[in-house]
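Subject: Structure handover and notes

Hello,

Please find the structure for your work here. My notes come after it.

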Amino acid sequence: MNETITSRDNEKVKHACRLRDEEARRTAEGLFFAEGPKLCLELSAACRCTVCFATQRALDRTPELAKFDAVTWPVADHVADKLSSTKNSQQVFCLFELPHPGPEVLADARRILALERVQDPGNVGTLIRSAAAFGFDAVLLDKGCASPFSPRTLRASMGAAARIPVVVTQDLPAQLTALRQRGMTCLATALRGAVPLDTVGREFAKGLCVVIGSEGQGLSDAAIDACGQAVKIPMTDRAESLNAAVAGSVLLWHFRGC
């Protein structure tokens, strides 16, 4: 066992904090930061843990952490407070290798969730979790979405981003066009030219891509045009719209098993 880290200015701790806070650093180093014993254990089933920081109390309480093939550093409570991205420290912090799904992921997928400009990490995480729960094969994010491996998104997804491939594209309309060219049905969630959800059927011989935009802006015209068909969720006049994560989860549930 390594010696307990007692300084908040320890270089290993500062490096972990930078990975926690900086998307560019996560991308450059191929690592991401996760917090909490439950989340870290979930992630370890699909991602390799390289470093684990934990208080001695947490190590004693969660012996499963000893199974990680990782360098483990005990940390003092005040160091755990610095590492924590939440008000109440969960006392376990791990660095994991980022998954790198290849181009074959989208080529082989029959059901895809695509998100455009969904910037709220809670919404992105919830939708990734719903996609995994309802049997979708992949999640496609445009460059304007919240990072799937930021601490807030990871908490909302409960580690689902490690269990379902997440692909980031620089040009979502072009990617949707490519999916349609291979015969996949792409459904935009938008009001323009939309038909009620329950009228579109559930048979998609070449696969299905459900496309969702941000709650404030919705989908861009380019994304809607690339889809070729739009759907809307029937609802009463007592609400103007649904939260993006709620609307998306309704659609994902509707198309489960298609």
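Predicted model: local features only at pLDDT ≥ 70, side-chain atom pairs only at ≥ 80, totals over all residues.

Residues are numbered from 1 along each chain as its sequence is written, and side-chain values use heavy atoms, with hydrogens and water left out.

Cysteines

The structure holds 0 disulfides, a disulfide being a pair of cysteine sulfur atoms within 2.5 Å. Cys 52 is in none; its nearest cysteine sulfur belongs to Cys 94, 3.6 Å away. Cys 52 is buried, at a relative accessible area of 0%. Here buried means under 20% relative accessible area, exposed over 50%, and partly exposed in between (1.4 Å probe, protein chains only). Cys 209 is also without a disulfide, with the sulfur of Cys 186 the nearest at 4.6 Å. Cys 209 is buried too, again with a relative accessible area of 0%.

Helix H11

Helix H11 spans 244–254; helices (H or I, at least four residues) and strands (E, at least two) are DSSP runs, numbered from the N terminus. Of its 11 residues, 8 are buried, so the helix is mostly covered. The buried set includes Ala 244, Gly 248, Leu 251 and His 254. These buried residues pack against strands E5 (111–116), E8 (185–189), E10 (208–213) and E11, and against helix H7 (121–133); contact means heavy atoms within 4.5 Å.

Met 235 lies in the loop between strand E11 (228–232) and H11, and is partly exposed at 39% relative accessibility.

Arg 26

Arg 26 sits in helix H2 (residues 23–29). Is this residue buried or exposed? Arg 26 is buried, with a relative accessible area of 4%. Its side chain has a polar atom 2.9 Å from the backbone oxygen of Leu 19 and reaches the backbone oxygen of Arg 20 at 3.0 Å. Not counting residues up to four places away in sequence, Arg 26 touches several residues, among them Phe 32, Leu 98, Phe 149 and Pro 151.

Regards

Conventions:
Polar contact = N/O pair within 3.5 Å; in protein donor to acceptor, adjacent residues only side chain to side chain.
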